[in-house]
Amino acid sequence: MTDPTSIQLIAAILFALAITHTFSTKYFEHLAHIQPQHAGVWHLLGEVEVVFGLWAMILILFIFALSGEHDAIAYLESRNFTEPMFVFVIMVIAGTRPILDFVADAVQRIAMMVPLNQRMVMYFLLLAFVPLLGSFITEPAAMTLAALMLRETLFSRNISTRFKYATVGVLFVNISIGGTLTPFAAPPVLMVAGKWNWDIMFMLTNFGWKAAIAVLANALAVTWLFRREFSGVDPVKDEEPVVHKIPLSVVLIHLFFLVLVVVFAHHPVVFMGMFLFFLGYTTAYQRHQSPLILREALLVAFFLAGLVVLGGQQQWWLQPLLMNMNETAVFFGATALTAVTDNAALTYLGSLVEGLTEEFKIALVAGAVTGGGLTVIANAPNPAGFSILKSKFDEQSIHPLGLLAAAIPPTLVAIAAFRVL
């Protein structure tokens, strides 16, 4: 490990403070209640999505003070903000009423074919079918769809907090591993697939079938464990139709925009241009729209952008730590490290090292996706799910320790799938 520069050392300290901050948001929300005169500031500091953007700004101020304006701007311009921009766009489009109704209709039709409790079947499909669908529409889109549908159906009913945490834990883990059937949907796979020449067949052979087994096992287990909760759901409200009457042409146009954004996910000039056209279209046909989730998407993008800025200065300690491990150690090391840093950052650092064995590469990526549900910062789509679902929890937030505890069992299932099968 090389000696860190002053900026790198400061960035590591700020990164540690940011992680600590994410686990302390409930404290700031408590301060907002006992100090109403400063409630606005405390509420801001209590927003998980604001944390990394805030500490990234402090880092830039340090660079500005120690190295000057030129170096601060040069560092910002050296960062790649494609992923935050993509997640923002895909969240907004995937969260529109026509897309949600299309997926809800598909889930309902499949559920009707199964001669079991319809609520249970739909719940299972949201935790199994939608995460695996993320391999084709991208993980952020799958997370947005599943979280929005859960919020508007089951999470709006009288279910226990324990059930909600278990659901979020399985959802985050399943989204993280469910995007590994293809080389373009999961952020940690995207970072390395091109350089390491991983195509769809490679992903299906080495990751996809194992991930699918783990996803189905996790969804089935949580559905079975909480099967009694479904009997307590308000039967009158729950029977309200989810799908609205929207012209097929409108649905197809939304799907067209969604597909275009996914196809050009690596080209922000293209997908941002398409997004502007999309905003124009939704404005012209507002009668077929619900309010766009612009605020939620912007907060998530801000969170990820802050992670990009802070994460860019962590290579000096992360890379040597990973490279001193064998295949087994790197799998479990990546699983653990993913809990405190974005899993795409881990695989990106691995892609910078030459001469790695194929087994080492597979272990690194498998470990990164396995640990992707442990915390809100572990996987790029997690802040999206967090932002959408947090209002349905006590104190309007998902406690990080509660998420960690709920995500450990499905993570163990994913470990077994990738290391035993």
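Trainee: Which backbone oxygen lies 3.2 Å from a polar atom of the side chain of Thr-335?

Mentor: That's the backbone oxygen of Gly-367. Keep in mind that this is a predicted model.

Trainee: What makes that pair a polar contact?

Mentor: The cut-off for a pair of N or O atoms is 3.5 Å, and the Thr-335 side chain and the Gly-367 oxygen are 3.2 Å apart. The pair falls within the limit, so it qualifies. The Thr-335 side chain also has a polar atom 2.8 Å from the backbone oxygen of Phe-331.

Trainee: Where is Thr-335 found?

Mentor: In helix α18, which covers residues 327–338.

Trainee: On to the loops. What is the phi of Thr-138?

Mentor: Near 85 degrees, a positive value in a residue other than glycine. Thr-138 sits in the loop between α8 (118–137) and α9 (139–152).

Trainee: Is Thr-138 buried or exposed, and how do you know?

Mentor: Its relative accessible area is 1%. The limit for buried is under 20%, so Thr-138 counts as buried.

Trainee: What about Asn-197: what is its phi, and where does it lie?

Mentor: Asn-197 has a positive phi too, about 60 degrees, although it is not a glycine. You'll find Asn-197 in the loop between α11 (187–196) and α12 (200–225).

Trainee: Why does Asn-197 count as exposed?

Mentor: Exposed needs over 50%. Asn-197 has 66% relative accessibility, so it passes.

Trainee: Now the whole chain. How many helices and strands are there?

Mentor: There are 22 helices and zero strands.

Trainee: How do you know that the radius of gyration agrees with a compact globule?

Mentor: With 421 residues, a compact globule would come out near 22 Å; the protein has 21 Å, so the two agree. Of the 421 residues, 56% count as buried.

Trainee: And what share of contacts between residues at least 6 apart in sequence joins residues at least 24 apart?

Mentor: That share is 82%.

Note on methods. Residues are numbered from 1 along each chain as its sequence is written. This is a predicted model: local features need pLDDT of at least 70, side-chain atom pairs count only at pLDDT 80 or more; totals for chains, interfaces and linings use all residues. Side-chain values use heavy atoms; hydrogens and water are left out. Helices (H or I, at least four residues) and strands (E, at least two) are DSSP runs, numbered from the N terminus. The radius of gyration is taken over C-alpha atoms; the globule rule is 2.2 Å times the number of residues to the power 0.38. Buried means under 20% relative accessible area, exposed over 50%, partly exposed in between (1.4 Å probe, protein chains only). Contact means heavy atoms within 4.5 Å. A polar contact is a pair of N or O atoms within 3.5 Å; within protein, one must be able to donate a hydrogen and the other to accept it, and residues adjacent in sequence count only if both atoms are side-chain atoms.
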